[in-house]
Amino acid sequence: MRSLRKSEILLEEWDIAEHPSCKDGSLQKRLCYSFAQYIRFTICNERADICHIHISSYSSTWRKIMYAKTAKKKGMRVVFHVHGAEFDLFYSKCTRRQKRAIMTSFAAACRVIVLSESWKSFFCNELGLSNVVVLNNSVDCSLYEFSHGTPGSLSFVGQLGKRKGAYDLINALSQIKLRGFSFTCVFAGDGETKQVRELAEDCGLSDMVSFTGWVDSGRVRCLLRDSSIMVLPSYHEGFPMSIIEAMAAGNAVVSTWRGGIPEATCEDGRILIDAGDVDGLADALCLLLGNKQLVSDMTEANRTFVKTRLDNRIVHQALSDIYSEVLHENC
């Protein structure tokens, strides 16, 4: 969101105003803020040509459907941008009536932007949509100091818990230690930090792993610069920013086949395993820990991949083209 709001490419052609619909805090504070922001959006006399709605799943979906209805009443063209890594799971739990409401709202939009071809298949096949387009997540490559990192240094960037595979990684690291490999691993992110840390201690990994808690984007870039291998054994993903950032910083990638990860990664710079395959994860990491040249070759391939396909300038121009198409359509 921040990169889109400040994009030089987009600002050359478009006037962009941001309207946040929710913020962090207690349930009461979130509800009050969300209600006040929706009322503000409803009664505000200003209107835009395009209302670009970023949507996740669960409560975000129902909140943003309300915004879409209001935007259309004001004469705006609606574009949904779906980021929810578990949208398929959320949708499967919806009632028939809820599913119909989602399908109706999405079908009425000018475009539904998704993060990968696999997610496009889901929305086309499961929701019967014909207005779906793919727009990958991206990074500003100029911000990343490309480095091969310290040999044997691993990183995990994301919310600690089962969905991102943090527990699987700890168990895999325990196997790697027993096989005699030397390594360090930094876990950057909030979530179930206490539980993951306790598992690491139980596995005898206290001297090999560290936990930073939540860190800002600048600190993430520093962590990835010093790392040589980024590990994200996720069970559910859209198009993970952490992997793109890791490739831009000079990391080989070990992840899973879930969601948009295969499209977000370079074939020559990754090793993908089945989600939950702890033995396979340990084998992949051992392969890389034992072959510095392979890691070096993978990082070079990843850097080229990001610069030529996932740099902000390329992806933001594609979004600008979508805006132009929508603006000239009767939708």
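Predicted model: local features only at pLDDT ≥ 70, side-chain atom pairs only at ≥ 80, totals over all residues.
Student: Okay, so at what angle do helix 8 and helix 13 cross?

Tutor: Roughly 55 degrees, with the axes of helix 8 (residues 166-178) and helix 13 (residues 278-289) coming within 8 Å. Helix 8 and helix 13 are therefore oblique to each other.

Student: Is the crossing of helix 8 and helix 13 left-handed or right-handed?

Tutor: Right-handed. On the helix 8 side, the contact is made by D168, L169, N171, A172, L173, Q175 and I176. Helix 13 brings V278, D279, L281, A282, L285, C286 and L289.

Student: Which classes of residue make up the contact of helix 8 with helix 13?

Tutor: You'll find 10 nonpolar residues there, plus two polar and two charged ones.

Student: Now pockets. How much space lies in the second largest pocket?

Tutor: About 160 Å³. Residues that line this second largest pocket include H148, P151, S228, I229 and L289.

Student: Which helix gives the most to the lining of the second largest pocket?

Tutor: Helix 14, with four residues. Helix 14 spans 292-309, and helix 13 and helix 14 each supply at least two lining residues.

Student: And which classes of residue are in that pocket's lining?

Tutor: The lining of the second largest pocket has six polar, five nonpolar and one charged.

Note on methods:
Residues numbered from 1 in each chain as written. Heavy atoms only, no water. Axes fitted to C-alpha atoms, helices over the stretch in contact; angles between N-to-C directions. Parallel < 35°, antiparallel > 145°, perpendicular 65-115°, else oblique. Left-handed = near helix turned anticlockwise from the far one by under 90°. Contact = heavy atoms within 4.5 Å. Nonpolar A, V, L, I, M, F, W, Y, C, P; charged D, E, K, R; others polar. 1 Å grid on protein atoms, 1.4 Å probe; cavity = no way out; pocket = protein on both sides within 12 Å on 5 of 7 lines; lining within 4 Å. Points joined across faces, edges and corners; volume = space filled by probe spheres on them.
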